[in-house]
Amino acid sequence: MKLITKLLTTSAMVAAIAGCSDSTTEETTAAAPEMSKDSIKVGFVYVSPTGDAGWTHSHDQARKYLEAQLGDKVETTYVESVPEGADAERVIRNMASNGHNLIFTTSFGYMNPTLKVAARFPDVKFEHASGYKQAENVGSYFARPYQGRYLSGLIAGKMTKTNVIGYVAAFPIPEVVRGINAFTKGVREVNPDAIVKVVWVSTWFDPAKEREAAETLILQNADVLTQHTDSAAVIQTAEAKGKYAIGYHSDMSEYGANAHLTSTIHNWGPLYVEKAKAVLNGTWKKENLWLGIAEGATDLAPINDIVPADVKAMVAEKKAALKAGTMRVFKGPINDQSGVEKVSKDDSMTDGALLGFDWFIEGVSGTLPKS
Amino acid sequence: MDIELITNILYATIRTGTPLILVALGEMVCEKSGVLNLGQEGMMLMGAVVGFMAAVTTGNLFVAVLIAVLAGILMSLLFGFLSISLVSNQVATGLALTIFGGGLSAFLGANYVGIGLDGVQAMFIPLLSDIPVIGKIFFQQDPLVYLSFIMAGLVYWVFKSTRLGLNIRAVGENPEAANAMGINVHRVRYMCVMFGGAMAGLAGGYLSLAYTPLWSEGMTAGKGWIALSLVVFASWKAERIMLGAYLFGAASIMHLILQGTRFEIAPNLLAMLPYVATIFVLVLLSSNRAKTKLNTPKSLGVPYRPQL
């Protein structure tokens, strides 16, 4: 009897533990087909689940767009919830060795694993998002969401009544700092009295903490909120408290019909189609792309009708100027938090300076932790 | 700081502490009976996802909360069956339950990510909610917060002055003696484990239906583990669990408030504040070693095999 009990326990435990591996779904076909330019296999590696309404969601939408555009010519597969690090290398190598011609690795931490695997599979093309290293068969690409931030900042500046705007931010890295500064630039351009209050939550994803941060900002008089984290909790909080909010990553209007003014969104679809076509035609070459509103990689979600028509018109005008390249977001004069001029009137910041942004511009309230 | 800001902070403190109180009370009762269930996180996640799914499909939040509780109970029964009936190692089984709950909830909820929900609304208690300051803090909350007050009182009372409380303690201290007294050890342990599951499911439901009405994978963000340590630091006392949970809540709010002031401390250091403050105070409270030892269930984590 004792033995049977023991056996039962063990098998139940094994079953319980086996159940957990469900969270990483792998969708690949077994057989590796002959490489052919008539059709290619495109793989995607995601850092979080596809349904998170955030970063990964935007890449998965683009994957679907790619399938819809190229039909039979492409076959796409993806692996979601892949942790950055050793696991990533295993997943990427697996994809490379079972017949994928083009692999998109969509998180910063995949950069080194991608390069490592790429060196061993010279025939496979790799595209890495948000990194800075390239190789013969590894290109990199990123969007310029800060342009969308700037446009949404214009709206926030016009909509605030208390002149306090809240910003829930994850970590003080250049990408986040750039977004905060661009947003503030927009806010101050239409409303020089407004300030942008920043609260760091030290996590990319924790809906409860994001909500607490949003509530704290509301306590401090903020009446328009935005976030650089991955959930929609900030939008929901604004909706519940009767404030305004601006989303990020994807159109978050369904989380707050009244609160949601607009969202800065990523649109990778056209780029993915272009890259897939290049591999099909044999014209692929490594590039380091930083695509913005002009290329359609960054965009604004439809603006809520609460926003007055003249504000909408102004945003449309600025957007057109960014698209045409006649205007830049970080054009001088730009002062830092202490009021010292950092960029002069006739200057504007270079891409290099933007990539290393480590100071706040005037109008941001909050401290930037120094590392 | 003006009075309104303080009121608002305390109001948010109660809300933040509530899920911790719910899980920790359940775990406390469970541990009092001698069963250490490390599956809190898994049970909470299951409660959160199943409750949310029920809310989306039925549109009835009351039913959704009940289903969240039920999900917690079912998960705890799985644990109970393995660790009580089959006498498996409680620590390993509990850990497996957490991993299992995390995976299963992600699988079940995959299609529910990104759906918005109105969530449980605040319910003002007549008369009491009109009291200045106190009324806003304690009596303008949602029904689940009131339930956490009631449950804390109930658990306190049961262990303070009922035979049931005494029986549970007997089972947790010395199951053989309890058995000799005619107490059905397995039945008591099952009931306590199920209570723990129900409370964890409720806490999960509170998160996905009231606190942040949405479902996202791993949304409990370690609250089950915090509650687990809270039980130990509160030396298995309901009133200290409440204190610890609110302290934790207050400190997590303060860490965000302080960032807006001239108080220049690195946010990552401030992020530690809730943990440090809670542990510090509870350690102070339980610094009397003899008393603490008296409170610790002696047979905690030891499976009971009836002598045949």
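In this predicted model, strand β1 (residues 40-45) of chain A pairs in the parallel sense with strand β3 (residues 102-105) of chain A over 4 bridges, and within this part of the structure A:Gly43 stands opposite A:Ile103 in β3(A). Both strands belong to an open sheet of 6 strands in chain A, ordered β2-β1-β3-β4-β5-β11 and paired in parallel. Its edges are formed by β2 (74-79) and β11 (288-291) of chain A, each of which pairs on one side only, and neighbouring strands are turned by 20 degrees against each other on average, direction ignored.

Helix α4 (residues 111-120) of chain A packs on this sheet, where it touches β3, β4 (125-129) and β5 (138-143) of chain A, and its direction makes about 170 degrees with that of β4(A). Chain A as a whole has 11 helices and 15 strands; of its 371 residues, 50% count as buried.

In chain B, the axes of helix α1 (residues 3-32) and helix α11 (residues 238-257) come within 7 Å and cross at roughly 140 degrees; with angles over 145 degrees counting as roughly antiparallel, α1(B) and α11(B) are therefore oblique to each other. The crossing of α1(B) past α11(B) is right-handed. Among the residues making the contact are those in the table.

| Helix | Contact residues, among them |
|---|---|
| α1(B) | B:Ile9, B:Ala12, B:Leu20, B:Met28 |
| α11(B) | B:Ile241, B:Tyr246, B:Phe248, B:Ile257 |

By class, the contact of α1(B) with α11(B) comprises 17 nonpolar and 5 polar residues, with no charged residues.

Methods. Residues numbered from 1 in each chain as written. Chains lettered and ligands numbered in written order. Predicted model: local features only at pLDDT ≥ 70, side-chain atom pairs only at ≥ 80, totals over all residues. Pairing = 2+ DSSP bridges. Helix = DSSP H or I, 4+ residues; strand = E, 2+ residues; numbered from the N terminus. Axes fitted to C-alpha atoms, helices over the stretch in contact; angles between N-to-C directions. Contact = placed C-beta atoms within 7 Å. Buried ≥ 20, exposed ≤ 12 C-beta atoms within 10 Å, placed from the backbone. Parallel < 35°, antiparallel > 145°, perpendicular 65-115°, else oblique. Left-handed = near helix turned anticlockwise from the far one by under 90°. Nonpolar A, V, L, I, M, F, W, Y, C, P; charged D, E, K, R; others polar.
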